[in-house]
Amino acid sequence: MDKILVLDFGSQYSHLICRRIREFSVFAELVPYDISFEEIQKHNPKGIIFSGGPSSVYSLKAPVPENKIFEMNLPLLGICYGHQLIVDKFGGKVKRANKEYGSSLLTIDNDSDLLSGIGQSVRAWMSHGDEAEEIPSGFKIIGHTQSAKAAAIASDEKSVYGIQFHPEVVHTEQGSEILKNFVLKICKAKQDWTMEGFIETAVEKISKIDGNVLCGVSGGIDSTVVALLIDKAIGNRLKCVFVDNGLLRLNEEKEVENMFKENFKVNFTSINAGQQFLEKLKGVEDPEAKRKIVGEEFIHVFSNFAKKEGPFKWLAQGTLYPDVIESGVSKGPADVIKSHHNVGGLPDWLNLEILEPLRELYKDEVREIAKILGVPEKLFMRHPFPGPGLSVRIIGEVTPIKLEISKVASKIVEEELIESGFYTKVWQAYAAVGDDKAVGVVGDERKYGNIVMIRVVDSIDAMTADWTRLPHGVLEKMSNRITNEIEDVTWVTYAISSKPPATIEPQ
Ligand code: XMP
């Protein structure tokens, strides 16, 4: 399989470069900027992209890649900081400039393989404080903006390019076309990254492992796909465990059990551990503490199961690429945003190795695999649900009353989205509840009841999200039903914060 390597210099957008490239069926992988030359050779890439990053090339601590990369005669594309790195390494000059953030008009100055076919000008997304003052000899300027005269440079002869803007963000017009020009025309990479190919390779790799596998399934798309892939590879050596942690959506325990029993032939066991989890969460208000407790309890439940039903050598999980990045355990320098319990690692005493066959994938890629593996349509259209469940949708302590409110109100939100045709269009939707109360009137009586917060968001990959502009009529119906059908609720609010600065879940 042909591969493009993306060297991560610390931009929050680095992984998006990989994502955009994979969208046109070429495999791209994010690696740390200081990856060794030998490692790069092992990857055998068709081309290398330097990502953006917060540093300045002229600072003493500027991150620089192995020098030998520049002697490999491989096509290179530098983006933002990567652009400045190319200018600097090939003998040009970079200087501090006026900061330029947001959309700028990029005017094309010269023909080049990189910008061919994109027209005379495009809107391009800029986010930089330095710029190329002098371009290296052998390069030409192929595009400028009002404030950056060398916003795009090229040496078609060397196949080396630098662009100050970010083609990977959707705000850059024809950004994907520019990446396609680099990957397909300049690097000549083959479009052979397909999900059928992924399944074949994953099954082949898994079939080579020895020992038994314990797979935690949640009924969600990720763990179901993991279970099916492993089942395809090793059949009876796999045991799937579903843990009812008391933090699930309304009636979810029954639905998951039925779904597995009716559709798949995998070994499946359901464990009711709700009391155990809720007991441990009593009195705990801090979001990270709640996540840690849920993660630890999962491990205890698995460990007890493993003692009884083992021995197991592996614990399989449905970890995805965004989980890895956001947990800061990726290979790049991205900051920890939230600790996702399923990528925090396992304690040594558990004596299990982790098997994460989807670690490189985005959600939409997993959905495609689910379709191929024959997962029922109802399941892969279901919204993602976080591992720590309702504990991250209940603000403050998890209490039985707040759990009940969140479950029933979320069900109402879900039903109204299905009814209005919005369910499949939005990324996630739920109703959260905290400890704040507000006064209401019920009949002639004054009542001090709970406030429910409805959150419905649009997103492509959960890395960024925006609140869904639902029609007022749909919101009204949700609100009326929630206050009528749940006795303890007097007020309903709608969350209108995007991510960033908020996150999708409130805890
Ligand atoms: P945030 O709240 O960080 O969520 O914007 C991004 C996406 O991740 C889900 N999420 C989790 N998934 N374990 C998971 O498996 C977790 O601990 C976790 N926390 C958040 C969230 O539902 C959203 O889709």
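At what angle do helix α5 and helix α11 pack, and how far apart are their axes? In this predicted model, helix α5 (residues 195–207) packs against helix α11 (residues 363–372) at an angle of about 80°, and the two axes are 9 Å apart. Helix α5 is therefore roughly perpendicular to α11. On the α5 side, the contact involves Met195, Glu196, Phe198 and Ile199, which meet Glu365, Glu368, Ile369 and Ile372 of α11. Sorted by class, the residues of this contact comprise five nonpolar and three charged residues, with no polar ones.

The model contains an open sheet of nine strands, arranged in the order β2-β1-β3-β4-β9-β8-β7-β5-β6, in which the pairing is mixed. Its edges are formed by β2 (27–32) and β6 (121–134), each of which pairs on one side only. On average, and with direction ignored, neighbouring strands of this sheet are turned by 20° against each other. Helix α1 (residues 14–23) packs on the sheet and touches β1 (3–8), β2, β3 (47–50) and β4; the direction of α1 makes about 165° with that of β2.

Strand β4 (residues 76–79) pairs with β9 in the parallel sense over four bridges, and Leu76 has Val160 in β9 as its bridge partner. Strand β9 (residues 160–163) also pairs with β8, here in the antiparallel sense and again over four bridges; Ala152 stands opposite Ile163 of β9. Four residues lie between the strands in the hairpin of β8 and β9, where Ser159 takes a positive phi near 60°. Strand β7 (residues 140–144) is joined to β8 by three bridges, and these two strands run antiparallel. In this pairing, Ile141 stands opposite Ile153 of β8. The side chains of strand β8 (residues 152–155) are divided between two directions: Ala152 and Ala154 point one way, whereas Ile153 and Ser155 point the other way, and all are buried.

A further open sheet consists of five strands in the order β12-β11-β10-β13-β14, with parallel pairing. Strands β12 (268–272) and β14 (353–355) are the edge strands, each pairing on one side only. Neighbouring strands in this sheet are turned by 30° against each other on average, direction ignored. Within the sheet, strand β10 (residues 213–217) pairs with strand β13 (residues 314–316) in the parallel sense over three bridges, and Cys215 stands opposite Ala316 of β13. Helix α6 (residues 221–234) lies across β10, β11 (238–244), β13 and β14, and runs at about 155° to β10.

The largest nonpolar core comprises 46 residues, and those with the most contacts inside this core are Leu214, Val243, Val413, Leu417, Leu470, Met478 and Ile482. At least two core residues are supplied by each of β11, α8 (274–281), α9 (287–309), α13 (400–420), β15 (428–442), β16 (445–458) and α14 (472–485). Of the contributing elements, α9 gives the most, with eight residues.

Two individual residues were examined in their surroundings. Lys402 is found in helix α13. Its relative accessibility is 4%, so Lys402 counts as buried. When neighbours within four places in sequence are left aside, the residues in contact with Lys402 are Ile394, Ile395, Gly396, Glu397, Val433, Gly434 and Asp435. Leu250, by contrast, is partly exposed, because its relative accessible area is 26%. Leu250 lies in the loop between β11 and α7 (252–263). Not counting residues up to four places away in sequence, Leu250 touches Glu255, Lys407 and Lys411. Between the C-alpha atoms of Leu250 and Ile86, which are 164 residues apart along the chain, the separation is 55 Å.

Key. Residues numbered from 1 in each chain as written. Predicted model: local features only at pLDDT ≥ 70, side-chain atom pairs only at ≥ 80, totals over all residues. Heavy atoms only, no water. Axes fitted to C-alpha atoms, helices over the stretch in contact; angles between N-to-C directions. Parallel < 35°, antiparallel > 145°, perpendicular 65-115°, else oblique. Contact = heavy atoms within 4.5 Å. Nonpolar A, V, L, I, M, F, W, Y, C, P; charged D, E, K, R; others polar. Pairing = 2+ DSSP bridges. Core = buried A, V, L, I, M, F, W, Y, C linked by side-chain atoms within 4.5 Å. Buried < 20%, exposed > 50% of the residue type's maximum accessible area, 1.4 Å probe, protein only.
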